[in-house]
Amino acid sequence: MKELTLQQQCAIQGGSIIGTGILYLLLGAGLYKILNSKRGRISIPKLVSLEWRD
C-alpha cells in the first residue's frame, strides 16, 4: 500500500492551507469592519444580512 503525501491528505480532507488562510482572512476583515465602523451593512444575498448603527 502506497502512503499519501501531505498534499494528497489535505485534498482528501477537503481543503488546503492556502484556502483555509483566505477564509480566516475574510472572516477577520469582516469582524474588523463591524468592530471599527459606526454604521454599516454586510450582506450575502439569501444567506446573511447584517446592519448596525452605533
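Colleague: How many of the 54 residues in this protein are buried?

Modeller: Buried means under 20% relative accessible area, exposed means over 50%, and partly exposed is in between (1.4 Å probe, protein chains only). Here, buried residues make up 6% of the 54. Keep in mind that this is a predicted model, where local features need pLDDT of at least 70, side-chain atom pairs count only at pLDDT 80 or more, and totals for chains, interfaces and linings use all residues. Residues are numbered from 1 along each chain as its sequence is written, and side-chain values use heavy atoms, leaving out hydrogens and water.

Colleague: Which elements does the protein have, from the N terminus on?

Modeller: Helices (H or I, at least four residues) and strands (E, at least two) are DSSP runs, numbered from the N terminus. In this protein there are two helices and two strands, in the order α-α-β-β. The radius of gyration is 18 Å, well over the 10 Å that the globule rule gives for 54 residues, so the protein is more spread out than a compact globule. That radius is taken over C-alpha atoms, and the rule is 2.2 Å times the number of residues to the power 0.38. Along the principal axes, the C-alpha atoms fill a box of roughly 60 × 25 × 10 Å.

Colleague: What is the phi of Lys46?

Modeller: Most residues other than glycine have a negative phi. Lys46 has a positive one, near 70°. Lys46 sits in the loop between β1 (39-44) and β2, in a hairpin with three residues between the strands. With a relative accessible area of 89%, Lys46 is exposed.

Colleague: Which residues make the nonpolar surface patch?

Modeller: Patches are made of residues with over 30% relative accessible area and no salt bridge, joining like charges within 9 Å and nonpolar side chains (Val, Leu, Ile, Met, Phe, Trp, Tyr) within 5 Å. A salt bridge is a side-chain nitrogen of Lys or Arg within 4 Å of a carboxyl oxygen of Asp or Glu. In this model, Ile44, Leu47, Val48 and Leu50 make a patch of about 380 Å². Leu50 lies in strand β2 (residues 48-53) and counts as partly exposed because its relative accessibility is 40%. Accessible areas come from the Shrake-Rupley method with a 1.4 Å probe; for residues, only the protein chains shown count as cover.

Key. Two strands pair if DSSP finds at least two bridges between them.
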